[in-house]
Structure formats: structure tokens, C-alpha cells
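Let's take a walk through a protein model together. Keep the picture open while you read, and look up each spot as it comes along.

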Amino acid sequence: MVERRHARGGTLVLGGGFAGSYVARLLGRRGATIVSLENFMLFTPLLPEAASGTLEPRHVVVPLRIMCPHAELLLGRLVALDSERRTATIRTGAGAFEIAYEQAVLALGSVSRVLPIPGLAEHGLGFKDLADAINLRNHVLRQLEAATAAIDRGRAEAHLTFVFVGAGYAGVEALAELADLVRDALRYYSELPRHRTRWVLVDAAPKILPEIPSRLGDYAARQLARRGIEIRTSTTLESVGPGTVVLSGGERIPSHTLVWTAGVRPSPLLAELGLPLDERGRVKVDSALRIEERRRLWALGDCASVPNEATPGLPDPPTSQHALRQARQLARNLGGEPKPYRYRTLGQVATLGRHKGIALVFGLPLRGFLGWFVTRTYHLYQLPLFSRKLRVVTDWTVALFFRRDIAELGMLGHPTRLGDD
């Protein structure tokens, strides 16, 4: 028999990612029960720096029990949702539970959007969570070791060739940070400077960082090209093998590293819950973040198609900035008269490595060192908990005076294989 329990404060938050954790935090003493697969919230904007070793990986995650002190945490997975009875069935390590709620919030997030490209699921590396970031760091450092052991120049340079598919924020920032890691590490590999290190950025769009104004995107492209990074726009990935990447047009690149950062899709679990979905598989919600045709059910973040009254006809993009603003409005709506969500973005920011970045703040474009500084300042401001802010600032300060550590890191859990849900 399934044990029955009640959500704390009557509110059940399904998902402990960026959106769900902030809803629970902002509810404060009203309380909530959070259902999450992990006991932490990953602060995704800092994930590239965790992969490159600038930040200690533990410092880019925030323990949910500390972040949301008035919430109950239940580690498990949602398996069924009955909106008529207002219950959710949760599978945990201690068995299955049926949780009764007054209000339920879906914040199930997203998974990597993987296309049916030959060899991608077998040979591609994802960059979606902390385990992926650590796995990628370890893989890159192993490629340096493999290049050192290679018998001939061709094999060595194949290990020193890194291909990233997806030139949005995640792809550009991850490539820039890992290129810095390899540059710093090469000083310890006396055999490798005579071999060429090659970085290739691929995207089907006609330009990189299409989300930002052209002048900032063009600046980012020039900065990356100045560092020797090859940019292949209007190009797609055709196939991936154990040592070869094939691009559209037939270009073959000898490489043992293919990093896939070409977008996300909503959690596939949504399709099993019988909820109204749009053509992309996102939950349909109204302007107050209520799920259409469902009473006392709400949704936000990557899993929802959220209309924004400030930009009619354009649902919010799946970014942490918008997820935070949605969480603030939803927390208010749960405790009072629901009001429509309306938010104009404050700007957009991205780091390009080597103390350079780009930022668009209140319409003002910033680039270079100032763009990098604004980007870091904004991320630090958004990071919850003073203790986490202090740890991150300490890591950044130490990085100014000491070279990067090139030791491989033990795996935190297991990396998600591309194609897995």
C-alpha cells in the first residue's frame, strides 16, 4: 500500500532546479514540499567556470535544505499526477509516496535536445549538469595525456582537437573556459607545444550568439577568432565516430572530442502526465502561470511555455534570469490574488575567457574587460546564500594569483549520456 502524506504548507514543488528552488525559497515561512532528484540547486551560469577549474565544483551548487529552510525536501521522482484528487505519486529510495496538495508547481526543467545524428549518442559529450561538466574537464585533461603518449603527429593533433556544436551561451562560454584550461595546462606538457591545439565552434545559425545584438555577437566572434578558434556558422553536424567528426559539406575533422550544446527540450516526463502541451512539448500556462484547464496547478521555467505581457506573442526563453523572475511572480500568486507575469529583461551577459566578456545592460552594450566584470558581478548578485557568494569570490581571488589545477576530479554521480531522459 502506498503511504499517503501532505505537502508542507499545502504547496508541492515538483523540481528542485533553478525555477522550483526559488519558488520554495520565496514562499518563506509559508512552507512547501520540494520533490527533487538531488539535494542541491545547480547555479547553471557558473557551470563553465566549474568545468575549467576556475571555481570549485561544490561552490556552484546550493544545498536545498539551506537555501529553503522552511521547505521539506523529498528526494525522488514524480511518476503520476492526479489533478482531480490533487495528489502526486513520488518514487523515492524508501518506496512510493502519495502526496496530497492544495497547490502544485511543475518545475521539471529540461534535458539536452539531441538530434538523430549517427554516432552522437555514443560519442558526444553533454554539458547540462555538474556531472557533465566534471566529466568534460576530465576528458579534456585525458586528451592531453593521450596526445603526449601518441606515436605520431597526426594522432597527437587528433587528441588536441576539440569540436563544440552549438554557439549559444552554453557552447561559447564552455569552449572559452576550457580553451583557457588547456592553454594553462600546456605549460606542464613539454612534449605538446610543437603540436597544434585546435578548437572548432559549429552552429547551424548564420552567426554565433544569435540571442544578442549583432555588434556584440560580432565582437565575440572576432575575439574567439583572434585566439585561433575556428567558427563554422551555417554548418551542421553530419556524424560522429570514435576519432572523426563529419560536418555538412563533407568536412572531416580528426577529433576525439565532440561537445553537444545545441539547445534543450522540456522534460519528457511532461508527455506522460496528460497536461496541455505546445508544439515543443512545453506545458501551456496562462499569463498568471496557471496550467491551462487545470485547477491549482502551476508551471514555470524550462518546462513551461510562459507568456510574458511585456513581450506579447513571445514566450520567455529558457534562461535562469527569466526563471528567477517567473518564480518571484508565482510565489506572489500562490499567496494572494493571481496577477499576470510581466518582465522586461535587464540585459544579457556572457564570458569569453581571458578576462573578456560581453554584456547588454539596460540597452547599453559593454565588451572586453568591462563586459567580463559586469557578467561576473551579475552572476554573483544572483547567487543565493552569502556563504556561497563568499566561496565563489575566494575562488576568483585565488585564481588571480595561482595557476589552474590540472588534476582530474572525481565524478559527482554519473554524467548523463546524450539521448537519455
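Arg282 and Asp278 are both buried (under 20% relative accessible area, while exposed means over 50% and partly exposed lies in between, using a 1.4 Å probe and protein chains only). These two form a salt bridge, with their closest N and O atoms 2.8 Å apart. A salt bridge here is a side-chain nitrogen of Lys or Arg within 4 Å of a carboxyl oxygen of Asp or Glu.

A quick word on what you're looking at: this is a predicted model, where local features need pLDDT of at least 70 and side-chain atom pairs count only at pLDDT 80 or more, while totals for chains, interfaces and linings use all residues. Residues are numbered from 1 along each chain as its sequence is written, and side-chain values use heavy atoms, leaving out hydrogens and water.

**Salt bridges**

How many salt bridges does a search of the whole structure find? The search turns up 24. In general, side chains of opposite charge can pair when their charged atoms come close.

| Pair | N to O distance |
|---|---|
| Arg282 and Asp278 | 2.8 Å |
| Glu72 and Arg5 | 2.8 Å |
| Arg198 and Glu230 | 2.8 Å |

Helices (H or I, at least four residues) and strands (E, at least two) are DSSP runs, numbered from the N terminus.

Now for Arg198 and Glu230. Arg198 belongs to strand 13 and Glu230 to strand 14 (residues 230–232), so this pair ties together parts 32 residues apart in sequence. Both Arg198 and Glu230 are buried.

There's also a network of salt bridges, which links Asp180, Arg183, Asp184, Arg187, Arg227, Arg354 and Arg404.

Next, find the open sheet of 8 strands, with mixed pairing and the order 1-8-7-6-3-2-9-21. Its edge strands are strand 1 (3–6) and strand 21 (297–299), and each of them pairs on one side only. Two strands count as paired if DSSP finds at least two bridges between them. From one strand to the next, the twist averages 35°.

Inside this sheet, strand 3 (residues 32–36) and strand 6 (residues 71–82) run parallel and are joined by 5 bridges. Look for Ile34, which stands opposite Leu73 in strand 6. Helix 1 (residues 18–27) packs on the sheet and touches strand 2 (11–14), strand 3 and strand 6 (contact means heavy atoms within 4.5 Å). The direction of helix 1 makes about 155° with that of strand 2 (axes are lines fitted to C-alpha atoms, for helices over the stretch in contact, and angles run from 0 to 180 degrees between N-to-C directions).

**Two hairpins in a row**

Follow the chain to strand 23 (347–351) and strand 24 (357–361). These strands run antiparallel, joined by 5 bridges, and they form a hairpin with 5 residues between them. Gly347 has Val361 in strand 24 as its bridge partner.

Strand 24 also pairs with strand 25 (residues 364–368), again antiparallel and over 5 bridges. Here the hairpin has 2 residues between its strands, and Phe362 in the turn has a positive phi of about 50°. Val361 shows up here too, with Leu364 in strand 25 as its bridge partner.

Why is strand 24 largely enclosed by the rest of the structure? Because 4 of its 5 residues are buried.

Most residues other than glycine have a negative phi. Arg354, in the loop between strand 23 and strand 24, has a positive phi of about 55° although it is not a glycine. Arg354 is partly exposed, at 36% relative accessibility. Arg296 is another case, with phi near 65°. You'll find Arg296 in the loop between strand 20 (283–284) and strand 21, partly exposed at 28% relative accessibility.

**One more loop**

Finally, look at Pro213, in the loop between strand 13 (198–202) and helix 8 (214–226). Leaving aside neighbours within four places in sequence, Pro213 is in contact with Lys207, Gln348 and Leu360. Pro213 is partly exposed, with 27% relative accessibility.
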